[in-house]
Amino acid sequence: SYHKFNEKNQLANIIKYFANIINRSQPTPNSKIAIIGDGFISFLIISSLISMGIRNIILIGHHDSRLKIGKTIGADITINSNKEDPYWVIRNHIGENLEGESEPWLLGLDIVIDTTGSMSALQLGASLLKPKQRAKLVLTGFYSEEPFSLGHYLVNRGPEIVVAFPS
């Protein structure tokens with residue numbers, strides 16, 4: 001029948017969805033990237049980034065068991081935002097650049113991908129970006145909660161807003 005569930009179409013839609021996120025984000029090997037949300041799509045994004053040679057990946061979520069999976073897949077840092085403030089964990093982190101030199105992350109991240117669709121995650125994501133360097137805030141969902149003020153973060157950081165909704 002017309003309404004019969006088609007597994008092939010569903011899998012193709014999932015692949016198109018996360019491939020669109022990666023393509024629109026345009027990560028480079030030196031990109032510092034946070035993914036907000038510890039679900040299946042985030043795991044696919046991490047796997048794709050790892051296969052592209054990207055290593056500076058942070059996974060932010062609420063579920064210790066899922067964060068552990070994210071770490072196993074390849075996230076460098078996992079943050080349970082119910083237990084730690086991601087903003088300060090990231091600002092205080094000292095990582096390595098591609099040349100193997102120590103580099104503080106206090107200036108922020110190049111790309112933040114929000115897979116949750118929550119306004120608080122969007123606000124967190126905006127606050128984590130490098131200021132005035134055309135960092136990318138990647139929106140992968142629809143935000144239907146009450147509006148909030150992003151103005152301060154958008155004016156001070158000047159990110160490129162990348163809309164990567166499912167097509």
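In this predicted model, Asp64 is partly exposed, with a relative accessible area of 41%. The side chain of Asp64 meets that of Lys83 in a salt bridge, with 2.4 Å from N to O. Lys83 lies in the loop between β3 (77-80) and α4 (86-91) while Asp64 belongs to helix α3, so the contact ties together parts that are 19 residues apart in sequence. Lys83 itself counts as exposed, at 60% relative accessibility.

A search of the whole structure finds three salt bridges, listed below.

| Salt bridge | N to O distance |
|---|---|
| Asp38 and Arg66 | 3.6 Å |
| Lys83 and Asp64 | 2.4 Å |
| Asp110 and Lys130 | 2.9 Å |

Asp38 sits in the loop between β1 and α2 (40-51) and Arg66 in helix α3 (residues 64-73), so this pair links parts that are 28 residues apart in sequence. Asp38 is buried, with a relative accessible area of 6%, whereas Arg66 is partly exposed at 36%.

Asp110 forms a salt bridge with Lys130. Because Asp110 lies in the loop between β5 (102-104) and β6, and Lys130 in the loop between α5 and β7, the pair ties together parts that are 20 residues apart in sequence. Lys130 counts as buried, at 15% relative accessibility.

Strand β6 (residues 111-114) has Ile111 and Ile113 pointing one way and Val112 and Asp114 the other, and all are buried. Strand β1 (residues 32-36) runs parallel to β6 and is joined to it by four bridges; Ile33 stands opposite Ile111. β6 also pairs in the parallel sense with strand β7 (residues 136-139), over four bridges, and Leu139 in β7 is the bridge partner of Asp114. From β6 the chain crosses through helix α5 (residues 119-128) to β7, in a right-handed β-α-β crossover.

Conventions
Residues numbered from 1 in each chain as written. Predicted model: local features only at pLDDT ≥ 70, side-chain atom pairs only at ≥ 80, totals over all residues. Heavy atoms only, no water. Buried < 20%, exposed > 50% of the residue type's maximum accessible area, 1.4 Å probe, protein only. Helix = DSSP H or I, 4+ residues; strand = E, 2+ residues; numbered from the N terminus. Pairing = 2+ DSSP bridges. Right-handed = clockwise from strand over helix to strand, strands pointing away. Salt bridge = Lys/Arg side-chain N within 4 Å of Asp/Glu carboxyl O.
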